[in-house]
Amino acid sequence: MIKTLVVATGNPGKLEEIKAYLSELDIELQLKPDEIEVEETGESFIENACLKASEVAKATKQWAIADDSGLTVDALNGAPGVYSARYGATDSDRIQRVLRELGDSTHRKAAFVCAIAIARPDGSIVLNLEGICPGEILETPQGDGGFGYDPIFYVPTEQKTFAQMSPEQKQLISHRGQAFKVLLPQLQELLKQPLQ
């Protein structure tokens, strides 16, 4: 039985978020040790999630879970994509860059994508999947919740930006929410199996 999953992040906030999604499972989640650094060299969210899960699993000799997520904007050929976190020095810089690059384009379709991977202690990937939340980019930021690109990411079905939603509402419909919805039943099956 899997008792512990090492979360391939050094970010306590992300650990708490993942804990909330997996709260119904009898499993302990812990942060990866600080000295383990994984360079995100993948060309897709799935590649980066698999890379992080695999490297952290091998380094800790434990089961590991990793996610990689970001914003893709159709009119920018999918940018910022895997470079979402590195698209500027601060959230504000990143938002301004996307708005500047879009200019007055009327084609503002976008999506938040979250890829999740789980690796065995030997580094082999046992699960990987993606969750997607479609939306569009507003011309000016709205709302003060969330982080990152949330103030300019508008979800038409909710008629709100991520930054205007309550954490509970965002958790339900977000790309991460979608990915964990798919992951949960698969992870439950995995937890029932004897350890290989």
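**Pockets of the predicted model**

In the largest pocket, β3 supplies the largest share of the lining, with 5 residues. The structure is a predicted model. This briefing describes the largest pocket, which has a volume of about 1,000 Å³, and the second largest pocket, with a volume of about 160 Å³.

**The largest pocket**

- The volume of the largest pocket is about 1,000 Å³, and 40 residues line it.
- Of these lining residues, Asn 11, Lys 14, Ser 69, Phe 147 and Arg 176 are the closest to the centre of the pocket.
- Two or more lining residues come from each of the helices α1 (12–21), α2 (45–60), α3 (91–102), α4 (167–173) and α5 (175–192), and from the strand β3 (64–73).
- By class, the lining of the largest pocket comprises 14 charged, 13 polar and 13 nonpolar residues.

**The second largest pocket**

- The second largest pocket, of about 160 Å³, is lined by Ala 20, Tyr 21, Ser 23, Glu 24, Glu 168, Gln 171, Leu 172, Gly 177, Phe 180, Lys 181 and Leu 184.
- The elements α1, α4 and α5 each give two or more residues to this lining.
- Helix α5 provides the largest share of the lining of the second largest pocket, namely 4 residues.
- The lining of the second largest pocket divides into 5 nonpolar, 3 polar and 3 charged residues.

Notes: Residues numbered from 1 in each chain as written. Predicted model: local features only at pLDDT ≥ 70, side-chain atom pairs only at ≥ 80, totals over all residues. Heavy atoms only, no water. 1 Å grid on protein atoms, 1.4 Å probe; cavity = no way out; pocket = protein on both sides within 12 Å on 5 of 7 lines; lining within 4 Å. Points joined across faces, edges and corners; volume = space filled by probe spheres on them. Nonpolar A, V, L, I, M, F, W, Y, C, P; charged D, E, K, R; others polar.
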